[in-house]
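This report covers strand pairing and salt bridges. Look over the structure first, then read on.

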Amino acid sequence: MPAKFELDRYDAEVIANHYKRLPLQVWGRCLNIFVPLLSLFWSLWWDRKTQQSDRKAKLRAIQVRQLLTRLGPAFIKIGQALSTRPDIVPAIYMDELSQLQDQLPAFPNQQAFQFIHEELGAIPQEIYAEISANPIAAASLGQVYKGRLRTGEQVAIKVQRPDINEAIALDMYILRGLSAWAMQSFKFIRSNLVGILDEFASRIFEEMDYTCEGANADRFGEYYGQLEEIYVPKIYWKYTARRVLTMEWIEGTKLTELEKIKQMGFDSRHIIEVGVQCSLRQLLDQGFFHADPHPGNLLVMSDGKLAYLDFGMMSQVSSEQRYGLIEAIIHLVNRDFAALSKDYVKLGFLTETVNLDQITPALAQVFNAALGSSVAELDFKEMTDQLSQVMYEYPFQVPAYYALIIRSLVTLEGIALNVDPNFKVLSVAYPYVANRLLTDSNPELRNSLKDLLFRDGEFRWTRLENLLKNAKSNQDYNLKETIHQVSDFLLSERGEYMRIRLADEIVKGIEKEAFSLIPNPFSPKPQPRVSKSGSSLSKLMGVWSTISQDQNIQPLEFAPLAGQILAKPETQELGRNIVWQLTQRAIARMIRELALKTQEVPELITPELVKIVEPIETPTVFTSKPSRELNGKTW
């Protein structure tokens, strides 16, 4: 056996070829793993045999957490990953595994300093002007020292644990073989355990390569470091290698230290909202997100900025997945659970062969209860717990990217609830989604906007008004951009359906508001008719009122945009359509009033009058009035 076995990247085949030649080492580790595991499985079997599973579930979940901690770094990481896998682990175990900590005792300075020498080519005292006598933190993969460069900058120096690469490779080899055996032996296992393990192992090996972490930090800073209230520390590449990372030292206060933050003069809730907004940008703008935002990785700096640390665990969401997530949110808001079921297929949770007839009612049961209040008041953790139970009972396969998203958002909500027990993540998130929906030109989102605003052929003005109100509370809201994007879609070929329906709504609104004030010329005592409240026109005016409340509106600034919109052929066609419908309805109204008079003067009915009436279709005008017959037609 070679003195060291280290890989730069995870390779299951190379690892298998190496450990096939070392059966004693493999079997020794297997005994250390499986003797306590078999004892645990025996307890679980006995609980089921004696019908005590439900009563002892919490106790067994605690025992699982404690066992994984004793088994070492690989199993701690696996437990943390399983805490976001509702398709594999029941909810009560997920809650307990989410409490796993990866803090371990520090290893000797001599070994750490030797790694620095090997990686950077000199002893620490020659590289750094100062380095702390002992590590200030020790985790499962490495430990951190505080230091100062010879140029004066204070830095954090992360050094990898000795032999961690080989230890994790051995555990992954054993667990991969066990996963393959389990998939072949137990047909009820629906998920690809080998694939999940390979994905997870790849991420651990990336996390062990500190050059990957440094590159992640630089990329994260490029995307989000320019945000006004976000700070990303600098990586010092001259002093960074695979097993040593040197980055800017951040002096700050943990988000959970509420009293200290208050003494600093900052609002903890506002800072949490900044973190949630940044997470939404990560997930839905760039798709590159921090998958481990626990309290130790989020610090409040002296200037009130929120600093991100530890970029070892990052993930990527493709553009198709990002838009798919937004569409799923819209279908959730719309309570369109059939469409939501299809979203889960597109997002990779369900295969195309799955029968959705049973899954759609299950989703409706979960979300209808949660949606009893407004979207902004949804309890994200409670909703995900209920959804996790559905995913465990039905053939869901949770993609790795989604598991990390849930872990990220649930962790953030946990920090937020510590700050404010009434904090709702979605109340902060929905304004962002609303703004994206109104301003993003992506075709899928344009169609989602149409689905949100129209239902059963009716335009839902309240939804539009709520969208605008929510979007306005988002820091990225831009009224001019919103008007431009919405009008661009409305006047495009894809917006033709919306134009037709919008014209109908405007005509109905004008008719109810304007014609209701016109006296009936055939009435012996003409009286203005009373307008019914809630007309389409009044709703349209309510929407404009919402828009015009923006203090930043400058009429001259919007004049060029208004001119561009009015000059488009589609706008002119929309105007002609409205005028023509109003003309038709006005003529029909006059003829109808004349027709009603024929009860007293039947000779008014002439063939010429019938010829005028027949082409005019105005069913909505007369639905609320007594019907009369004119030449066989009902009015």
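## Burial and the predicted model

Buried means under 20% relative accessible area, and exposed means over 50%. The model discussed here is predicted. Arg 60 has a relative accessible area of 8%, so Arg 60 is buried.

Arg 60 meets Asp 47 in a salt bridge, with 2.6 Å from N to O. The pair links distant parts of the chain. Asp 47 sits in helix α2 (residues 23-49) and Arg 60 in helix α3 (residues 53-71), 13 residues apart. Asp 47 is buried too, at 2% relative accessible area.

## Salt bridges within helices

The whole structure holds 20 salt bridges. One of them joins Arg 269 to Glu 273, with the closest N and O atoms 3.3 Å apart. Both residues belong to helix α12 (residues 268-286). They lie four residues apart, about one turn of the helix. Arg 269 is partly exposed, with a relative accessible area of 27%. Glu 273 also counts as partly exposed, at 27% relative accessibility.

Helix α14 (residues 337-346) holds Lys 346 and Asp 343; they are three residues apart, so about one helical turn separates them. Their side chains form a salt bridge at 4.0 Å, N to O. Lys 346 is exposed, at 60% relative accessibility. Asp 343 is buried, with a relative accessible area of 3%.

## A salt-bridge network

Salt bridges also link Lys 58, Arg 65 and Glu 96 in a network. Side chains of opposite charge can pair when their charged atoms come close.

How many of the seven residues of strand β4 are buried? Six are, so β4 (residues 154-160) is largely enclosed by the rest of the structure.

Strand β3 (residues 142-149) pairs with β4 in the antiparallel sense, over seven bridges. Tyr 145 stands opposite Ile 157 in β4. Four residues lie between the strands of this hairpin, where Gly 152 takes a positive phi near 105 degrees. β4 also pairs antiparallel with strand β6 (residues 244-248), over five bridges. There, Met 247 in β6 is the bridge partner of Ala 156.

## An open four-stranded sheet

Four strands form an open sheet in the order β5-β10-β9-β7, with mixed pairing. β5 (230-231) and β7 (253-254) stand at the edges; each has a single partner strand, so one side of each lacks a neighbour in the sheet. β7 runs antiparallel to strand β9 (residues 298-300), joined by two bridges. Thr 253 stands opposite Val 300 in β9.

Terms used
Residues are numbered from 1 along each chain as its sequence is written. This is a predicted model: local features need pLDDT of at least 70, side-chain atom pairs count only at pLDDT 80 or more; totals for chains, interfaces and linings use all residues. Side-chain values use heavy atoms; hydrogens and water are left out. Buried means under 20% relative accessible area, exposed over 50%, partly exposed in between (1.4 Å probe, protein chains only). Two strands pair if DSSP finds at least two bridges between them.
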